[in-house]
Amino acid sequence: MPNPKLIRPLVRELHPYVYGEQPKIKGLIKLNTNESPYPPAPKVLAAVRAAVDGRLRLYPNPTAQVLREKLAKLHRCHADNIIVGNGSDELLALATRCFVEPANVLPASLRKIKLHSELPARCRQHVVQYFHPSYSLYPVLADIHGAARNTVPLKSDFSLPSMAELKRGRIWNFRAALTFVTTPNAPSGRGYSTRELDALCKAQRGVVVLDEAYVDFAGENALKLALKYPHVLVARTFSKAYSLCFQRVGYFVGHRDLIAALHKIRDSYNVNGLGQIAAEATLDDLPYYRANFKKINATREWLSRELTKLGFRVLPSRTNFILVRPPRFSAQAWLQSLRVQKVLVRWFDRPEVKDYLRITIGTAAEAEALVNAVRKILVWR
Ligand SMILES: *Cc1c(COP(=O)(O)O)cnc(C)c1O
């Protein structure tokens, strides 16, 4: 057995990110990790297949040049405003390393501070800030980096506190080195208006990452803020809406100077070649995906109505999942009962959301199967 001291104390004590389960059980309806129920477009599959030959021995383009040019055209900006990552998760980690100073140089008393308005100005470069609940990877990234974290609660309906509330609360740090905002929010599904995000960005002194992983299912997006403010980055991914989780491709849009800084610290060949080809082909077939968003949104509204009729409290969603509060039994008991019925959903063991289940929107047939399973459980138990 190796000496535990071979491993840095920070890593020994780290609570890692908890993944959604990826079971391979036959007939299981998988509604737990927000994947699209629809396959990539036929042209995307064909493009990937056509690329599987002797070229696999070559390194891919180091900057995903063609993909960045296509994305620049789509977003009406320059390829220098874009960096592509091995999933947007990689870029969120890079942002933490690029914009935040590790805090282990600070005395312990300053690392545990509660009211961030009392944090001395010289400490702000150590702070990663995010709302809670939101994407549970952010605190893990801060911990890995040894940064200070500032976790600020959303309102009880998962809406954003107003500027006045943030100022009054004195917990929010307007000078945090890095602020992550999941918009629309996960796990609640709640959408935020570009107007309120603009006000938030305008008030921040540090870098703000607007994580728009689910934005294609919402009515609006805040991409223009990344081109308006030099300290704002918008994160997008091909994973969820574009059926490419397996390929790991995400990107940031923002000011060329921030993007150039991120390029300096990424791995030389961070985006695999087949992923680049799949993402490029995806951008050539956007109508296929837009039709999928419509189907998913329609299924979301149908499922929300049906579950409401069965006594569930369904929060309004602008994403491809819904957060629901089930009736009669605990959410955890529902998780188990649904699993017995071969439907896998997600439950989070955290106080703010432990009474809820997060359900990914699948196909119409999967939604019907879920409703039938719920009916059975309500009759039997
Ligand atoms: C899924 C997800 C991501 C990560 O996406 P990848 O591109 O697959 O790494 C980022 N942010 C949020 C909020 C997500 O839900």
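Predicted model: local features only at pLDDT ≥ 70, side-chain atom pairs only at ≥ 80, totals over all residues.
Local features here need pLDDT of at least 70, side-chain atom pairs count only at pLDDT 80 or more, and totals for chains, interfaces and linings use all residues. Residues are numbered from 1 along each chain as its sequence is written, and side-chain values use heavy atoms, leaving out hydrogens and water.

View 1. Asp89 takes part through a backbone N or O atom, 3.0 Å from a ligand oxygen. Taken alone, the ligand exposes 380 Å², and the protein buries 94% of that (Shrake-Rupley method, 1.4 Å probe).

**View 2. Strand E2 is covered on both faces.** E2 spans residues 82–85; a strand is a DSSP run of at least two residues, numbered from the N terminus. Ile82 and Val84 lie on one side and Ile83 and Gly85 on the other, all buried (under 20% relative accessible area, 1.4 Å probe, protein chains only). In a regular strand, side chains alternate between the two faces of the sheet. E2 runs antiparallel to E8 (residues 250–253), joined by 4 bridges (pairing needs at least two DSSP bridges). Gly85 has Gly250 as its bridge partner.

**View 3. Thr360 sits in strand E12.** This strand covers residues 357–360. Thr360 is buried, with a relative accessible area of 2%. Not counting residues up to four places away in sequence, Thr360 touches several residues, including Leu31, Glu35 and Phe321 (heavy atoms within 4.5 Å).

Definitions and conventions. Polar contact = N/O pair within 3.5 Å; in protein donor to acceptor, adjacent residues only side chain to side chain. Buried < 20%, exposed > 50% of the residue type's maximum accessible area, 1.4 Å probe, protein only.
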